[in-house]
Amino acid sequence: MANNYSLIIAEMKDNIGAITFNNPLKSNALCSDMLNEITDALSVFKSEKIRVAVIRAAKGVKVWSAGHDIDELPLDGIDPLGREKPLEKMLSAVQNFPAPVIAMVEGSVWGGACDLAITCDMAVGTPGCSFAITPAKIGVPYNASGILHFINRLGLSHAKEMFFTGAPVDAETALHFGIINHIVDDIEIELFTHSLAKKIACNSPLSIEVIKEQFRILTNAHPITPNAFEHIESLRRKVYCSEDYREGINSFKEKRKPVFKGK
Ligand code: LCV
(Lines give C-alpha, C1' and ligand atoms only; values in the text may rest on other atoms or scores of the structure.)
Protein backbone atom coordinates (compact mmCIF):
# COMPACT_ATOMS: atom_id res chain seq x y z
CA MET A 1 0.00 0.00 0.00
CA ALA A 2 1.53 3.33 -1.03
CA ASN A 3 1.44 5.67 1.98
CA ASN A 4 -0.46 8.69 0.59
CA TYR A 5 -0.63 10.35 3.98
CA SER A 6 1.48 13.02 5.70
CA LEU A 7 0.45 12.72 9.37
CA ILE A 8 0.11 8.95 9.58
CA ILE A 9 1.82 5.95 8.05
CA ALA A 10 -0.63 3.30 6.82
CA GLU A 11 0.53 -0.20 5.92
CA MET A 12 -1.14 -3.52 5.07
CA LYS A 13 0.36 -7.02 5.17
CA ASP A 14 -1.15 -10.50 5.51
CA ASN A 15 -4.70 -9.19 6.19
CA ILE A 16 -3.39 -6.92 8.99
CA GLY A 17 -3.43 -3.13 8.67
CA ALA A 18 -1.31 -0.74 10.73
CA ILE A 19 -1.78 3.00 11.24
CA THR A 20 1.20 4.78 12.85
CA PHE A 21 0.82 8.38 14.05
CA ASN A 22 3.34 10.69 12.37
CA ASN A 23 2.86 14.16 13.90
CA PRO A 24 5.93 14.34 16.18
CA LEU A 25 6.24 18.14 16.26
CA LYS A 26 2.91 18.33 18.11
CA SER A 27 3.32 15.14 20.18
CA ASN A 28 0.91 13.38 17.77
CA ALA A 29 -1.86 15.85 18.68
CA LEU A 30 -4.97 14.83 16.74
CA CYS A 31 -5.44 17.74 14.32
CA SER A 32 -8.29 17.60 11.76
CA ASP A 33 -5.99 16.56 8.91
CA MET A 34 -4.54 13.69 10.95
CA LEU A 35 -7.98 12.55 12.10
CA ASN A 36 -9.29 12.61 8.51
CA GLU A 37 -6.25 10.59 7.38
CA ILE A 38 -6.95 7.93 10.04
CA THR A 39 -10.60 7.75 8.96
CA ASP A 40 -9.56 7.48 5.32
CA ALA A 41 -7.01 4.76 6.03
CA LEU A 42 -9.67 2.72 7.84
CA SER A 43 -11.95 2.95 4.79
CA VAL A 44 -9.07 1.75 2.58
CA PHE A 45 -8.48 -1.13 5.02
CA LYS A 46 -12.20 -1.96 4.82
CA SER A 47 -12.18 -2.08 1.02
CA GLU A 48 -9.05 -4.26 1.15
CA LYS A 49 -10.88 -6.63 3.55
CA ILE A 50 -8.29 -6.16 6.27
CA ARG A 51 -9.08 -8.53 9.19
CA VAL A 52 -7.37 -6.63 12.03
CA ALA A 53 -6.18 -3.02 12.30
CA VAL A 54 -3.48 -1.84 14.72
CA ILE A 55 -3.27 1.84 15.70
CA ARG A 56 0.08 2.89 17.20
CA ALA A 57 2.77 5.54 17.46
CA ALA A 58 6.41 5.28 16.44
CA LYS A 59 8.52 2.87 18.50
CA GLY A 60 9.78 4.35 21.77
CA VAL A 61 7.65 7.54 21.85
CA LYS A 62 7.25 9.46 25.14
CA VAL A 63 3.77 10.60 24.06
CA TRP A 64 1.48 8.21 22.14
CA SER A 65 -0.81 11.16 21.40
CA ALA A 66 -1.43 14.51 23.09
CA GLY A 67 -5.12 14.24 22.24
CA HIS A 68 -7.29 16.70 20.35
CA ASP A 69 -5.30 19.58 18.85
CA ILE A 70 -6.17 22.34 21.35
CA ASP A 71 -5.32 25.00 18.77
CA GLU A 72 -8.29 23.72 16.76
CA LEU A 73 -10.85 23.90 19.57
CA PRO A 74 -13.46 26.46 18.45
CA LEU A 75 -13.92 29.63 20.55
CA ASP A 76 -16.97 30.93 18.68
CA GLY A 77 -19.74 29.06 20.49
CA ILE A 78 -19.56 26.00 18.22
CA ASP A 79 -19.69 22.57 19.86
CA PRO A 80 -16.03 21.42 20.01
CA LEU A 81 -17.09 17.76 19.98
CA GLY A 82 -20.09 17.77 17.64
CA ARG A 83 -20.91 14.64 15.61
CA GLU A 84 -19.66 16.28 12.42
CA LYS A 85 -16.22 16.97 13.91
CA PRO A 86 -13.23 14.92 12.60
CA LEU A 87 -12.56 13.38 16.06
CA GLU A 88 -16.12 12.05 16.34
CA LYS A 89 -16.08 10.82 12.73
CA MET A 90 -12.81 8.96 13.36
CA LEU A 91 -14.10 7.37 16.60
CA SER A 92 -17.23 6.27 14.75
CA ALA A 93 -15.06 4.83 11.94
CA VAL A 94 -13.19 2.74 14.55
CA GLN A 95 -16.45 1.51 16.10
CA ASN A 96 -17.95 0.68 12.69
CA PHE A 97 -14.80 -0.85 11.20
CA PRO A 98 -15.90 -4.42 10.35
CA ALA A 99 -12.95 -6.02 12.13
CA PRO A 100 -11.15 -5.66 15.48
CA VAL A 101 -8.99 -2.56 16.02
CA ILE A 102 -6.12 -2.91 18.50
CA ALA A 103 -4.44 0.11 20.12
CA MET A 104 -0.75 -0.58 20.72
CA VAL A 105 0.27 2.01 23.30
CA GLU A 106 3.68 3.32 24.35
CA GLY A 107 4.00 6.62 26.18
CA SER A 108 1.32 8.93 27.53
CA VAL A 109 -2.19 9.20 26.09
CA TRP A 110 -4.29 12.35 26.52
CA GLY A 111 -7.89 13.42 26.07
CA GLY A 112 -9.44 12.45 22.76
CA ALA A 113 -6.58 9.98 22.18
CA CYS A 114 -7.63 8.25 25.41
CA ASP A 115 -11.14 8.04 23.98
CA LEU A 116 -9.61 6.54 20.82
CA ALA A 117 -7.65 3.94 22.83
CA ILE A 118 -10.78 2.77 24.67
CA THR A 119 -12.94 2.92 21.55
CA CYS A 120 -10.54 0.44 19.95
CA ASP A 121 -11.68 -3.11 20.59
CA MET A 122 -8.58 -3.96 22.58
CA ALA A 123 -5.46 -2.18 23.81
CA VAL A 124 -1.97 -3.37 24.71
CA GLY A 125 0.34 -1.06 26.66
CA THR A 126 3.93 -0.95 27.86
CA PRO A 127 4.74 -0.70 31.59
CA GLY A 128 5.43 3.03 31.12
CA CYS A 129 2.19 3.91 29.36
CA SER A 130 -0.39 6.22 30.96
CA PHE A 131 -3.87 7.50 30.13
CA ALA A 132 -5.71 10.74 30.99
CA ILE A 133 -9.11 12.06 29.94
CA THR A 134 -8.76 15.82 30.27
CA PRO A 135 -11.96 17.82 29.53
CA ALA A 136 -12.19 18.97 33.15
CA LYS A 137 -8.65 20.36 32.96
CA ILE A 138 -9.47 22.39 29.87
CA GLY A 139 -13.10 23.27 30.61
CA VAL A 140 -14.50 21.16 27.75
CA PRO A 141 -18.03 19.67 28.05
CA TYR A 142 -17.35 16.13 26.91
CA ASN A 143 -20.14 14.51 24.88
CA ALA A 144 -22.56 11.68 25.71
CA SER A 145 -21.15 9.17 23.20
CA GLY A 146 -17.64 9.71 24.55
CA ILE A 147 -18.76 9.36 28.17
CA LEU A 148 -20.60 6.16 27.18
CA HIS A 149 -17.34 4.76 25.74
CA PHE A 150 -15.74 5.19 29.18
CA ILE A 151 -18.70 3.83 31.15
CA ASN A 152 -18.79 0.74 28.93
CA ARG A 153 -15.03 0.13 29.13
CA LEU A 154 -14.16 1.17 32.68
CA GLY A 155 -17.43 1.05 34.62
CA LEU A 156 -19.05 4.06 36.30
CA SER A 157 -16.78 4.69 39.27
CA HIS A 158 -13.48 4.37 37.38
CA ALA A 159 -14.84 6.51 34.53
CA LYS A 160 -15.95 9.19 37.00
CA GLU A 161 -12.55 9.18 38.74
CA MET A 162 -10.73 9.69 35.44
CA PHE A 163 -13.08 12.44 34.18
CA PHE A 164 -13.25 14.35 37.48
CA THR A 165 -9.50 14.24 38.27
CA GLY A 166 -8.27 14.61 34.66
CA ALA A 167 -5.12 12.96 36.04
CA PRO A 168 -3.08 10.31 34.17
CA VAL A 169 -3.42 6.70 35.36
CA ASP A 170 -0.40 4.40 35.05
CA ALA A 171 -0.26 1.05 33.24
CA GLU A 172 -1.18 -1.05 36.29
CA THR A 173 -4.22 1.13 37.01
CA ALA A 174 -5.14 1.15 33.32
CA LEU A 175 -5.07 -2.67 33.38
CA HIS A 176 -7.21 -2.69 36.54
CA PHE A 177 -9.65 -0.20 34.97
CA GLY A 178 -9.95 -2.27 31.78
CA ILE A 179 -8.38 0.37 29.53
CA ILE A 180 -5.67 -2.06 28.43
CA ASN A 181 -5.95 -5.83 28.07
CA HIS A 182 -2.25 -6.56 28.63
CA ILE A 183 0.94 -4.86 29.87
CA VAL A 184 3.85 -5.97 27.68
CA ASP A 185 7.50 -4.89 27.88
CA ASP A 186 8.67 -2.31 25.35
CA ILE A 187 10.92 -4.86 23.62
CA GLU A 188 8.14 -7.42 23.14
CA ILE A 189 5.06 -5.27 22.53
CA GLU A 190 5.30 -5.21 18.72
CA LEU A 191 5.67 -9.00 18.51
CA PHE A 192 2.95 -9.54 21.12
CA THR A 193 0.50 -7.23 19.31
CA HIS A 194 1.29 -8.81 15.96
CA SER A 195 0.71 -12.34 17.28
CA LEU A 196 -2.58 -11.21 18.85
CA ALA A 197 -3.57 -9.74 15.48
CA LYS A 198 -2.51 -12.90 13.63
CA LYS A 199 -4.60 -15.07 16.00
CA ILE A 200 -7.65 -12.95 15.12
CA ALA A 201 -6.85 -12.78 11.38
CA CYS A 202 -6.89 -16.61 11.18
CA ASN A 203 -10.49 -16.76 12.45
CA SER A 204 -13.71 -16.30 10.46
CA PRO A 205 -13.92 -12.63 9.35
CA LEU A 206 -17.67 -12.88 8.81
CA SER A 207 -18.30 -14.26 12.30
CA ILE A 208 -16.01 -11.65 13.88
CA GLU A 209 -17.66 -8.84 11.90
CA VAL A 210 -21.15 -9.78 13.12
CA ILE A 211 -19.95 -10.34 16.72
CA LYS A 212 -18.21 -6.92 16.75
CA GLU A 213 -21.38 -5.25 15.39
CA GLN A 214 -23.45 -6.91 18.14
CA PHE A 215 -21.00 -5.63 20.76
CA ARG A 216 -21.43 -2.12 19.27
CA ILE A 217 -25.24 -2.27 19.16
CA LEU A 218 -25.60 -3.77 22.63
CA THR A 219 -23.13 -1.39 24.33
CA ASN A 220 -24.66 1.66 22.61
CA ALA A 221 -28.21 0.56 23.43
CA HIS A 222 -28.93 3.32 25.93
CA PRO A 223 -32.13 4.94 24.59
CA ILE A 224 -32.69 8.45 25.93
CA THR A 225 -35.77 10.61 25.48
CA PRO A 226 -35.68 13.69 23.22
CA ASN A 227 -36.14 15.75 26.39
CA ALA A 228 -33.06 14.14 27.98
CA PHE A 229 -31.05 14.72 24.80
CA GLU A 230 -32.07 18.38 24.66
CA HIS A 231 -31.27 18.76 28.36
CA ILE A 232 -27.74 17.38 27.79
CA GLU A 233 -27.18 19.64 24.78
CA SER A 234 -28.32 22.77 26.67
CA LEU A 235 -26.01 21.92 29.60
CA ARG A 236 -23.07 21.35 27.21
CA ARG A 237 -23.80 24.59 25.31
CA LYS A 238 -23.58 26.58 28.55
CA VAL A 239 -20.09 25.13 29.11
CA TYR A 240 -18.61 25.57 25.64
CA CYS A 241 -19.98 29.15 25.62
CA SER A 242 -18.52 29.85 29.08
CA GLU A 243 -15.58 32.00 30.15
CA ASP A 244 -14.05 28.91 31.78
CA TYR A 245 -13.94 27.08 28.41
CA ARG A 246 -12.12 30.02 26.83
CA GLU A 247 -9.83 30.29 29.89
CA GLY A 248 -8.93 26.58 29.62
CA ILE A 249 -7.89 26.91 25.99
CA ASN A 250 -6.17 30.27 26.34
CA SER A 251 -4.21 29.15 29.40
CA PHE A 252 -2.85 26.16 27.45
CA LYS A 253 -1.81 28.40 24.56
CA GLU A 254 -0.18 30.89 26.98
CA LYS A 255 1.54 27.99 28.79
CA ARG A 256 0.10 28.94 32.21
CA LYS A 257 -2.24 27.30 34.73
CA PRO A 258 -5.96 27.98 34.13
CA VAL A 259 -7.97 30.00 36.71
CA PHE A 260 -11.51 28.64 36.52
CA LYS A 261 -14.26 30.87 38.01
CA GLY A 262 -17.24 28.58 37.41
CA LYS A 263 -18.80 30.88 34.82
C1 LCV B 1 -2.05 21.31 20.46
C2 LCV B 1 -0.17 20.55 21.55
C3 LCV B 1 -0.93 19.61 22.28
C4 LCV B 1 -2.33 19.56 22.02
N5 LCV B 1 -2.85 20.42 21.12
O6 LCV B 1 5.92 18.54 24.99
O7 LCV B 1 -10.47 15.29 26.09
S8 LCV B 1 -10.65 16.70 25.93
O9 LCV B 1 -12.04 17.12 26.05
O10 LCV B 1 -9.77 17.45 26.84
C11 LCV B 1 -10.13 17.10 24.32
C12 LCV B 1 -10.59 18.47 23.93
C13 LCV B 1 -8.68 16.91 24.18
O14 LCV B 1 -8.20 15.89 23.75
O15 LCV B 1 -7.88 18.01 24.58
C16 LCV B 1 -6.45 17.82 24.50
C17 LCV B 1 -6.03 17.11 25.78
N18 LCV B 1 -4.54 17.03 25.80
C19 LCV B 1 -3.80 17.43 26.83
O20 LCV B 1 -4.27 17.95 27.84
C21 LCV B 1 -2.28 17.25 26.68
C22 LCV B 1 -1.65 18.62 26.41
N23 LCV B 1 -0.22 18.48 26.20
C24 LCV B 1 0.63 18.26 27.24
O25 LCV B 1 0.25 18.15 28.42
C26 LCV B 1 2.07 18.11 26.87
O27 LCV B 1 2.27 18.69 25.59
C28 LCV B 1 2.49 16.63 26.82
C29 LCV B 1 2.52 16.06 28.26
C30 LCV B 1 1.54 15.83 25.90
C31 LCV B 1 3.90 16.56 26.20
O32 LCV B 1 4.72 17.42 26.92
P33 LCV B 1 6.16 17.74 26.34
O34 LCV B 1 6.81 18.63 27.35
O35 LCV B 1 6.81 16.49 25.93
P36 LCV B 1 5.35 20.02 24.85
O37 LCV B 1 4.32 20.29 25.89
O38 LCV B 1 6.48 20.98 24.72
O39 LCV B 1 4.58 19.89 23.44
C40 LCV B 1 5.31 19.96 22.22
C41 LCV B 1 4.52 20.88 21.33
O42 LCV B 1 3.25 20.27 21.07
C43 LCV B 1 2.22 21.17 21.46
C44 LCV B 1 2.80 22.04 22.54
O45 LCV B 1 2.08 23.24 22.63
C46 LCV B 1 4.21 22.22 22.01
O47 LCV B 1 4.14 23.18 20.99
P48 LCV B 1 5.30 24.34 20.91
O49 LCV B 1 6.56 23.58 20.61
O50 LCV B 1 4.83 25.23 19.82
O51 LCV B 1 5.31 25.01 22.28
N52 LCV B 1 1.08 20.38 21.96
C53 LCV B 1 1.13 19.43 22.89
N54 LCV B 1 -0.09 18.94 23.11
N55 LCV B 1 -3.14 18.69 22.63
N56 LCV B 1 -0.71 21.40 20.65
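Two exercises with worked solutions follow.

The model is predicted; local features need pLDDT of at least 70, side-chain atom pairs count only at pLDDT 80 or more, and totals for chains, interfaces and linings use all residues. Residues are numbered from 1 along each chain as its sequence is written, and side-chain values use heavy atoms, with hydrogens and water left out.

**Exercise 1. The ligand site**

Describe the shell around the ligand and its polar contacts.

Solution. 
1. Count the shell. 24 residues surround the ligand (a heavy atom within 4 Å). The closest are Lys-62, Ala-66, Gly-112, Thr-134 and Lys-255.
2. Sort by class. The shell holds 13 nonpolar, six polar and five charged residues. Asp, Glu, Lys and Arg count as charged, and Gly as polar.
3. List polar contacts (N or O atoms within 3.5 Å). A ligand nitrogen lies 2.8 Å from a backbone N or O atom of Ala-66. A polar backbone atom of Gly-112 is 2.8 Å from a ligand oxygen. The side chain of Thr-134 places an N or O atom 2.8 Å from an oxygen of the ligand.
4. Of the 980 Å² of accessible area (Shrake-Rupley, 1.4 Å probe) that the ligand has on its own, the protein covers 69%.

Technical notes. Polar contact = N/O pair within 3.5 Å; in protein donor to acceptor, adjacent residues only side chain to side chain.
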